[in-house]
Amino acid sequence: MYKNTLKEDLIRVVENLDGTVESTDTIVKLKTKIENSSAFESDPDFVKTLIQNCIDERVSQNEREVTLEKQKIELAKLQLAKLEKEIELQTAKNKALSLNPAAKVEDKQFETNIENMIKSIKTLSLSVPTRSENFNLFFQSLERAFLTKKINDEYKSEILINLLGEKAHNVLLYIKEEELNDYEKTKIYSTQRIPINPSRVFKLI
């Protein structure tokens, strides 16, 4: 009956049986309280089921916490990899600009164009919804804005990720490297909650 039980499980069982738990109670005392309860005397099978349920809930909670911690670790790794790559790219840019000052103007113009595109699309489209059922309307407005501003396909995914804000974490965790510039794939990942799958985690470039 007590196989795989921990003290915390026994405490929950005693409390569920309307018993009193003292801070000095040992595992033996807790078991005694359970076995001396009126519920155990009248229906021992019910109490055994209650004990098993407490064990199952604890195990499930631990598994959820482990999964969440793994997700945080993977996200931190991705963010670090992205930061390292950004530093690497910036270093290469700085070196190239020192050799070719004219490239600095072109680079600045490109960044400005991207920022302007994001701002204009944000103005013309609805805000990112908090409820999944509102995403269809959001994407309708977004794609109408793309059409109005004549946005090239190569920029659509990047603009969507920028608009998603914190929701972009889900996209970056699960999208494959080769799918980064695929607007339709980014669109799918932005609306789904996908279970952790380490084989799908990639290193950002």
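**Contacts and burial in a predicted helical model**

Student: What is the relative accessible area of glutamate 57?

Tutor: Glutamate 57 is partly exposed, where buried means under 20% relative accessible area, exposed over 50% and partly exposed in between (1.4 Å probe, protein chains only). The model is predicted: local features need pLDDT of at least 70 and side-chain atom pairs count only at pLDDT 80 or more, whereas totals for chains, interfaces and linings use all residues. Residues are numbered from 1 along each chain as its sequence is written, and side-chain values use heavy atoms, with hydrogens and water left out. For glutamate 57, the relative accessible area is 40%.

Student: Which residue forms a salt bridge with glutamate 57?

Tutor: A salt bridge requires a side-chain nitrogen of Lys or Arg within 4 Å of a carboxyl oxygen of Asp or Glu. Here the closest N and O atoms are 2.5 Å apart. The partner lies in helix H1 and glutamate 57 in helix H4, so the pair ties together parts 45 residues apart in sequence; helices are DSSP runs (H or I, at least four residues), numbered from the N terminus. The residue is arginine 12.

Student: How many residues apart in sequence are the parts that arginine 58 and aspartate 9 tie together?

Tutor: The side chains of arginine 58 and aspartate 9 meet in a salt bridge, 2.8 Å from N to O. Arginine 58 belongs to helix H4 and aspartate 9 to helix H1 (residues 7-16), so this pair ties together parts whose separation in sequence is 49 residues.

Student: Is lysine 156 buried or exposed?

Tutor: Lysine 156 forms a salt bridge with aspartate 153, at 2.9 Å between the closest N and O atoms. The two are 3 residues apart in helix H7, about one helical turn. Aspartate 153 is exposed, at 55% relative accessible area. Lysine 156, at 19% relative accessibility, counts as buried.

Student: Which residue lies over the face of phenylalanine 139?

Tutor: Phe139 forms one aromatic cluster with Phe135 and Phe138. A charge sits over a ring if NZ of Lys or CZ of Arg is within 6 Å of the ring centre and within 35 degrees of the ring normal. At 5.1 Å from the ring centre of phenylalanine 139 lies lysine 187.

Methods. Phe/Tyr/Trp six-rings, centres within 6.5 Å; stacked < 30°, edge-to-face > 60°.
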